[in-house]
Amino acid sequence: MSGLAMPKPDAETMRRRAEIVADMRIIVPGEGVVDTANEMRAFESDGLTAYRQLPLVVVLPETVAQVSRVLKYCNERGIRVVPRGSGTSLSGGALPLEDAVLLVMSRFNRILAIDYPNRVVVAQPGVTNLGITNAVEQEGFYYAPDPSSQIACSIGGNVAENSGGVHCLKYGLTANNVLGIEMVLMNGEVVRLGGSHLDQEGYDLLGVMTGSEGLLGVVTEVTVRILKKPETARALLIGFPTSEEGGQCVADIIGAGIIPGGMEMMDRPAIHAAEDFVHAGYPLDVEALLIVELDGPSVEVDHLIGLVEAIAYKNGSTTCRISQSEQERLSFWAGRKAAFPAVGRISPDYYCMDGTIPRKELPRVLAGMRDLSERYGLGVANVFHAGDGNLHPLILYDANVPGELDKAESFGADILRLCVEVGGVLTGEHGVGVEKRDLMPEMFNQVDLDQQMRVKCAFDPNHLLNPGKVFPQLRRCAELGRMHVHRGQVAFPDIPRF
């Protein structure tokens with residue numbers, strides 16, 4: 001992990017590795033502990049494969065009691081813990097540490113309850129995002145947030161990263177669709193936040209946990225909202241001669257008061273890669289392709305299609321196809337859903353970024369990315385959630401060429417700086433992890449960062465959960481000067497830290 005500063009391994013923990021592994025086998029018997037280098041290799045990175053590190057040991061618990069005992073054991077002995085779901089994170093949030101227990105939640109893979117009258121599902125964190133929809137679709141329901149990795153990503157990981165997807169413009173991110181969680185704190189305490197009801201009183205701790213990237217606790221149960229499938233869903237496939245015209249069309253659609261079920265955009269490199277891969281019937285003579293899905297009662301959908309079509313032609317659209325069947329609608333989306341693997345066929349490697357901007361700045365940012373592409377001499381394919389301004393530039397490079405990875409990372413950092421410059425933010429759904437950690441000062445001043453760390457300290461005063469992530473300075477809670485930790489104990493430990 002050259003160039004990436006991480007917490008220095010604790011020598012005492014490393015010396016006691018054999019003892020720790022043996023104790024983990026007592027807490028999680030059977031095949032729940034993986035400790036050989038070859039077997040742990042499968043867990044050495046998440047979706048950000050540029051950084052790899054073998055953990056101290058991999059532990060795969062099956063019960064809440066086991067999670068609680070593992071965390072309490074590590075807390076009492078000052079051992080770091082890195083939580084992990086399916087490992088599809090693209091920001092290095094699940095990157096192991098050499099002296100940390102990697103707590104893998106993949107065995108928590110059952111749906112515990114389906115309550116159709118209240119429209120909720122209670123699932124363990126290892127259940128896949130798509131698995132929830134599959135469990136309820138026979139009754140005409142679905143789970144709205146649908147990241148492109150939904151076939152593999154876990155609902156617990158979605159909570160950690162506040163994941164979105166193509167339908168988040170109208171139906172919201174994970175934060176808007178999670179009603180409650182059960183979680184285990186670093187000291188082993190099991191707590192519940194929210195539930196099957198709509199809102200809870202008091203502080204929005206559920207909101208704090210959603211998107212907390214494994215820094216505050218380990219989620220062991222999730223209660224999500226499910227929705228009834230809309231009566232009708234149709235999509236438009238709209239091509240533009242320039243990305244700027246496509247971006248302006250996006251702004252005009254929202255400005256007209258139309259909220260599509262999904263609105264996605266791809267540029268020429270992504271269009272060609274997706275069409276070669278999926279054969280969805282995408283036009284190849286356009287610079288930008290917009291997919292707009294409208295859902296609801298059929299009369300309303302037909303009316304909105306006419307409005308969107310008129311807005312598209314007003315913005316210079318050269319092609320506009322309207323889906324005439326469910327199969328055709330799904331084919332429009334097939335290329336978009338497969339865009340990331342499709343781009344992998346045109347470049348030896350690519351670096352998948354994520355940043356969010358105000359919609360009105362889309363033309364300016366796309367032009368800025370083209371300038372950066374020329375400056376760095378690296379290609380970029382753009383696939384993004386156009387409706388909410390969540391960009392996903394894919395920077396093309398070859399890791400076998402010395403210096404190209406560093407160049408790709410610098411290119412990506414400049415894209416994120418541009419996002420912040422125009423009033424946007426560093427991430428939309430991928431999280432900060434280690435990828436954007438050192439860019440946090442671009443968006444937050446030291447007062448902001450200190451306040452965020454105080455929230456971390458309230459949950460994990462010894463800084464043992466997922467250290468080295470999110471915060472650009474590697475320091476402990478006591479260094480803030482506002483929380484004194486003596487021999488691993490905060491002052492007045494009986495006072496709830498919520």
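A residue is called buried when its relative accessible area is under 20%, exposed when that area is over 50%, and partly exposed in between, with a 1.4 Å probe and protein chains only. The model is a predicted one, in which local features need pLDDT of at least 70 and side-chain atom pairs count only at pLDDT 80 or more, while totals for chains, interfaces and linings use all residues. Residues are numbered from 1 along each chain as its sequence is written, and side-chain values use heavy atoms, with hydrogens and water left out.

Rings of Phe, Tyr and Trp (its six-membered ring) pair if their centres lie within 6.5 Å, and the planes decide the label: under 30 degrees apart is stacked, over 60 is edge-to-face, and the rest are tilted. By this rule there are three aromatic pairs. One of them joins tyrosine 116 and phenylalanine 141, a tilted pair with 5.3 Å from centre to centre and 35° between the planes. Because tyrosine 116 sits in the loop between strand 5 (111-115) and strand 6 (120-123), and phenylalanine 141 in strand 7 (residues 141-142), this pair ties together parts that are 25 residues apart in sequence; strands are DSSP runs of E with at least two residues, helices runs of H or I with at least four, numbered from the N terminus. Phenylalanine 141 is buried, at a relative accessible area of 7%, whereas tyrosine 116 is partly exposed, at 25%.

Tyrosine 376 and phenylalanine 411 have ring centres 5.3 Å apart and planes at 10°, so this pair is stacked. Tyrosine 376 belongs to helix 14 (residues 362-376) and phenylalanine 411 to helix 15 (residues 404-421), 35 residues apart, and both are buried.
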